[in-house]
Amino acid sequence: MGRRKGKSSQKKIVASKKAVIPKSFKCPFCNNDEAVDCTMDWKRRVGELKCRFCGAEYQMAIHYLHEPIDVYSEWIDDCEQANAEGGGGAAYADDGDDYDAPRGASASASAKAAAADEDDDGEDL
C-alpha cells in the first residue's frame with residue numbers, strides 16, 4: 001500500500017493575473033507616451049480624452065460596454081479619417097504668406113499680424 005503525498009509534493013494552483021486595461025495613452029499630435037488620460041463619465045455617458053502636454057481633447061458618447069481603449073481607438077480613427085479627407089494641416093493657417101500662425105491660432109490672427117507688418121513699412125515719426 002502506498003502512503004499519501006504530503007502538501008509539498010502536491011501541485012499548487014496559481015491564479016492567473018487579470019490583464020490591466022490602460023487608461024493613459026500616446027498622444028497622436030505631440031507623440032508623448034502616456035500623456036493622454038481617459039475619464040469615463042457614466043452619469044453623462046461621455047468618454048473624454050485630454051493630453052496633458054499639448055491640450056488636445058476628444059469626447060464621445062459611451063454606453064455600458066465601452067472601455068477607455070474604445071474611446072482612444074475611436075479618436076485615432078477620427079484623426080485618420082480627417083487626414084484622409086485632407087484636413088491634416090488644419091492647425092496652421094495657410095493664406096499664402098510666409099507667416100506661420102502659432103498652433104491653435106485662428107486665420108484672422110495671422111491676417112492681423114500680416115496687416116500690422118504692412119502698416120509699419122512707410123511711417124517713421
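Glu57 counts as exposed, because its relative accessibility is 54% and the cut-off for exposed is over 50%. The model shown here is predicted.

Step back to the whole chain. It holds two helices and four strands. Along the sequence, the pattern reads β-β-β-β-α-α. The chain has 125 residues, and 19% of them count as buried.

Now look at the sheet. The four strands form an open sheet, ordered E1-E2-E3-E4, with antiparallel pairing. Its edges are strand E1 (24-25) and strand E4 (57-61), each of which pairs on one side only. Strand E2 covers residues 36-41.

Next, follow the contact between E3 and E4. Strand E3 spans residues 46-51, and five bridges join this strand to E4 in an antiparallel run. Two of the facing pairs can be picked out by name. Val46 stands opposite Ala61. Gly47 has Met60 as its bridge partner. Between the two strands, the hairpin has five residues. Within this hairpin, Gly55 takes a positive phi near 85 degrees.

Charged side chains come next. Side chains of opposite charge can pair when their charged atoms come close. The structure holds four salt bridges. In one of them, Asp37 meets Arg52, with 3.1 Å from N to O. This pair links distant parts of the chain: Asp37 sits in strand E2, Arg52 in the loop between E3 and E4, and the two are 15 residues apart. Asp37 is partly exposed, because its relative accessible area is 29%, which falls between the cut-offs of 20% and 50%.

Another salt bridge joins the side chains of Glu57 and Lys50, at 3.5 Å from N to O. Lys50 is partly exposed, with a relative accessible area of 45%. Glu57, in contrast, counts as exposed.

Asp41 and Arg44 also form a salt bridge, and their closest N and O atoms are 2.6 Å apart. Asp41 is partly exposed, at 25% relative accessible area. The pair does not stand alone. Asp41, Arg44 and Glu48 are linked in a network of salt bridges.

Finally, turn to helix H1, which covers residues 68-84. Glu74 has its place in this helix. Glu74 is also part of a negative surface patch, together with Glu67, Asp70, Asp77 and Glu80. How accessible is Glu74, buried or partly exposed? Glu74 is partly exposed, with a relative accessible area of 33%.

Glu74, in helix H1, is one of the residues that form the negative surface patch.

Technical notes:
Residues numbered from 1 in each chain as written. Predicted model: local features only at pLDDT ≥ 70, side-chain atom pairs only at ≥ 80, totals over all residues. Heavy atoms only, no water. Patch = residues over 30% accessible without salt bridge, like charges linked within 9 Å, V, L, I, M, F, W, Y side chains within 5 Å. Areas by Shrake-Rupley, 256 points an atom, 1.4 Å probe, with all protein chains shown as cover. Lys, Arg positive; Asp, Glu negative; His and termini not counted. Charge placed at Lys NZ, Arg CZ, Asp CG, Glu CD. Buried < 20%, exposed > 50% of the residue type's maximum accessible area, 1.4 Å probe, protein only. Pairing = 2+ DSSP bridges.
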